Amino acid sequence: MALHEITNEDVLQRCAQCGSGNRLSLGTLEVGVARREDVDDGLIQLPPCPACRSTEFLIRASEDEPLHPATGSFGHLHQLLVGHLHAELVQRGRLHTALTAKGGRASKVVLRPLSQEARARWFPQGLRIAVPPDEPHRAPEESSR
């Protein structure tokens, strides 16, 4: 479920199950996953992988979560990208219907986009991260969605 890039139109995600690279339009993603009558506004459900049909979720860090223990690592950068993607989707109004319905909690959804300082420090070449060097390199084919 690793995010590798966020652009103005889409994200590049690598499927944890099969390793395929999937370009997902921001217009197909939304913040919030319903469980019974509750909606978790910290989750983003990704569409099923076109190659293996697995479904994955991105989890935004909670407000009180401590700083990542390995700043600059793949995990830290991924956490920053997930938080930024979450904020971008909220700003675009890409919310689960239960969050926007009458009496919904849309105005209470936490926004934490990357600051200019964080972008400059951690993503000087744009909102992208490479495959970690300790992972076997798979050259995933990028599919459009």
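Modeller: Buried means under 20% relative accessible area, exposed over 50%, and partly exposed in between (1.4 Å probe, protein chains only). This is a predicted model, in which local features need pLDDT of at least 70 and side-chain atom pairs count only at pLDDT 80 or more, while totals for chains, interfaces and linings use all residues. Residues are numbered from 1 along each chain as its sequence is written, and side-chain values use heavy atoms, with hydrogens and water left out.

Biologist: Why is Cys-49 called buried?

Modeller: Cys-49 has a relative accessible area of 3% and is therefore buried, the limit being under 20%.

Biologist: What makes Cys-52 partly exposed?

Modeller: The relative accessible area of Cys-52 is 30%, and the class lies between the 20% and 50% limits.

Biologist: How do you know that Cys-49 is in no disulfide?

Modeller: A disulfide is a pair of cysteine sulfur atoms within 2.5 Å. A search of the whole structure finds 0 disulfides. For Cys-49, the nearest cysteine sulfur belongs to Cys-18 and is 3.7 Å away. Cys-52 is in no disulfide either, the nearest cysteine sulfur being that of Cys-15, 3.7 Å away.

Biologist: Which residues are closest to the centre of the largest pocket?

Modeller: The largest pocket holds about 450 Å³ of space. Of its 21 lining residues, Leu-67, His-76, Gln-79, Leu-80 and Arg-112 are the closest to its centre. A pocket is an open set of points on a 1 Å grid over the protein atoms alone, where a 1.4 Å probe fits, with protein on both sides within 12 Å along at least five of seven lines; lining residues have an atom within 4 Å of a point. The volume is the space filled by probe spheres set on the points.
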